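Here is a short tour of one protein chain. Keep the 3D view open as you read.

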Amino acid sequence: MTREDVVGRANVEDTPELLQYYDELSGHHTGALWTVANKIEPWEPQSQSVPVLWRYQDLRGKVLRSVELVTPEKAGRRVIYFNNPGRTDVSAAVGWIYAGLQVMHPGEKATAHRHSASAIRFIMEGTGAYTVVDGHKMTLGRNDFVLTPNGTWHEHAVEDTGTPCIWQDGLDIPFVNAMEANFFEVHPDLSEPVAYPVDDMSKTWGNPGLTPGGGTWDKGYSPMFKYEWGRTYEALQAYAASAEPSPFDGTLMEYVNPINNGPVMKTLGASMQLLAPGMQTKAHRHTGSYLYQVVKGSGYSVINGQRFDWTERDTFCVPSWAWHEHGNTSDRDDAVLFCLNDLPVIRAMGLYREEALGDNGGHQLTADQGRI
Ligand SMILES: [Fe+2]
Ligand SMILES: [Fe+2]
């Protein structure tokens with residue numbers, strides 16, 4: 001029992017009589033709320049996830065090694081997943097987000113399947129990767145990302161003419177499992193036919209400021225499916241040149257569903273942010289879980305007082321309500337961070353809250369109290 005000597009909080013001393021009473025209650029599959037109230041209703045969010053930096057230079061060789069050890073047929077998917085050490089109950093990178101690094105060689109193909117979990121795929125290296133979602137084939141290059149929304153048939157492959165590809169998968173598996181709503185099906189034909197012109201969805205729905213005449217779409221996720229790096233980076237640079245950056249995020253743009261400007265999928269959101277050379281953001285914290293991938297450049301993030309130095313292709317997480325600030329250590333090149341998050345869920349449920357750090361000029365002190 002966690003007791004707190006504060007008015008309005010549970011503060012009941014154990015007595016032999018009460019302990020006997022608790023025993024009796026548990027025999028009836030019940031319990032006294034005051035024995036758990038302070039734990040289940042914390043004053044503020046208590047993330048079980050801890051901040052982690054996964055260095056690509058440590059992981060790349062391990063990911064490639066899986067190609068020698070298991071076949072895609074036997075493994076289903078060759079993925080090395082991020083396992084947050086604070087989580088023992090579920091396989092999660094942070095919060096209720098699962099993520100991992102998948103490798104595929106030219107000519108390989110994963111079995112077509114569908115599930116209740118929603119997914120994104122962010123291409124890290126290699127050429128010739130493609131994904132088919134409900135008959136729409138998307139060719140994928142470095143730093144492109146593609147959606148495989150819940151319930152859609154999808155399969156991933158690398159063309160014979162391509163090179164070994166590594167990408168980051170990100171899914172809401174822990175969340176959907178927590179909701180006890182996850183289904184998984186293998187396609188009856190193990191593969192799905194391509195039924196439309198290649199890249200039709202991004203060519204139809206991905207034109208800035210333009211929507212197709214007569215185009216209709218009523219599904220709960222973006223019809224764009226693929227978001228290309230070239231256009232994203234161009235947009236970030238244009239925005240950065242035209243508006244003051246956010247003190248907390250630099251120049252940040254959210255990926256949206258072009259139908260309603262909402263998130264790309266109902267449970268997972270994504271953004272890309274640019275930190276100008278030498279930029280140091282101020283610290284803030286907010287609800288929601290965030291998994292970052294360094295797309296370009298080098299710098300650092302201070303998360304709950306701990307500094308993590310990152311470089312291109314590293315992945316790191318910011319748990320819910322953790323203080324965080326970012327810095328670009330180059331005085332010449334910009335740094336760009338891709339972020340996968342659960343903001344659509346947090347916002348839809350009215351759970352979003354944000355706070356800026358007021359002390360020390362808006363910057364955290366690291367554990368040794370040195371300047372960041
Ligand atoms: Fe899948
Ligand atoms: Fe933030």
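The expected span of a helix is 1.5 Å times one less than its number of residues. Now apply this to helix α1, residues 16-27, in this predicted model. Helix α1 has twelve residues. From its first C-alpha to its last it reaches 17 Å, close to the 16 Å expected.

Histidine 29 follows α1 and has a positive phi, near 55°.

## Strand β6 and its two partners

Look next at strand β6, residues 129-133. Five of its five residues are buried, so β6 is largely enclosed by the rest of the structure. In a regular strand the side chains alternate between the two faces of the sheet. In β6, Ala129, Thr131 and Val133 point one way. Tyr130 and Val132 point the other way.

β6 pairs with strand β7, residues 136-140, in the antiparallel sense over five bridges. Threonine 131 stands opposite methionine 138 in β7. The two strands form a hairpin with two residues between them. Aspartate 134, in the turn, has a positive phi of about 45°.

β6 also pairs with strand β9, residues 154-158. This pairing is antiparallel too, over five bridges. Alanine 129 has valine 158 as its bridge partner in β9, and tyrosine 130 stands opposite alanine 157. Five of the five residues of β9 are buried, so β9 is largely enclosed by the rest of the structure. His154, His156 and Val158 point one way from β9, while Glu155 and Ala157 point the other way.

## Two residues compared

Why does tyrosine 130 count as buried? A residue is buried if 20 or more other C-beta atoms lie within 10 Å of its own. Tyrosine 130 has 21 C-beta neighbours inside 10 Å, so it counts as buried. Beyond its sequence neighbours up to four places away, tyrosine 130 touches Lys137, Met138, Thr139, Leu140, Ala157 and Glu159. Valine 198 is 68 residues apart from tyrosine 130 along the chain, and their C-alpha atoms are separated by 10.0 Å.

Threonine 163 sits in the loop between β9 and β10. It counts as partly exposed because it has 13 C-beta neighbours inside 10 Å. Leaving aside neighbours within four places in sequence, threonine 163 is in contact with Pro106, Gly126, Thr127 and Gly128. Glycine 107 is 56 residues apart from threonine 163 in sequence, but 9.3 Å apart from it in space, C-alpha to C-alpha.

## A six-stranded sheet

Which strands make up the open sheet of six? Their order is β1-β19-β16-β21-β14-β13, with antiparallel pairing. The edge strands are β1 and β13, and each pairs on one side only. β13 pairs with β14, residues 269-275, over four bridges. There, threonine 251 stands opposite leucine 274 in β14.

Helix α7, residues 229-242, lies across β13, β14 and β21. α7 runs at about 135° to β13.

## The nonpolar core

In soluble globular proteins, nonpolar side chains tend to be buried together. Here the largest nonpolar core has 75 residues. Those with the most contacts inside this core are Ala93, Ile97, Ile120 and Leu291. Strand β21 gives the most to this core, with six residues.

Leave aside the neighbours of leucine 291 within four places in sequence. Its contacts then include Ala93, Val94, Ile97, Cys317 and Leu340.

Conventions: Residues are numbered from 1 along each chain as its sequence is written. Chains are lettered from A and ligands numbered from 1 in the order in which they are written. This is a predicted model: local features need pLDDT of at least 70, side-chain atom pairs count only at pLDDT 80 or more; totals for chains, interfaces and linings use all residues. Two strands pair if DSSP finds at least two bridges between them. Two residues are in contact if their C-beta atoms, placed from the backbone, lie within 7 Å. Axes are lines fitted to C-alpha atoms, for helices over the stretch in contact, and angles run from 0 to 180 degrees between N-to-C directions. A residue is buried if 20 or more other C-beta atoms lie within 10 Å of its own, exposed if 12 or fewer, and partly exposed in between; C-beta atoms are placed from the backbone. A nonpolar core is a set of buried Ala, Val, Leu, Ile, Met, Phe, Trp, Tyr and Cys residues joined through C-beta atoms within 7 Å.
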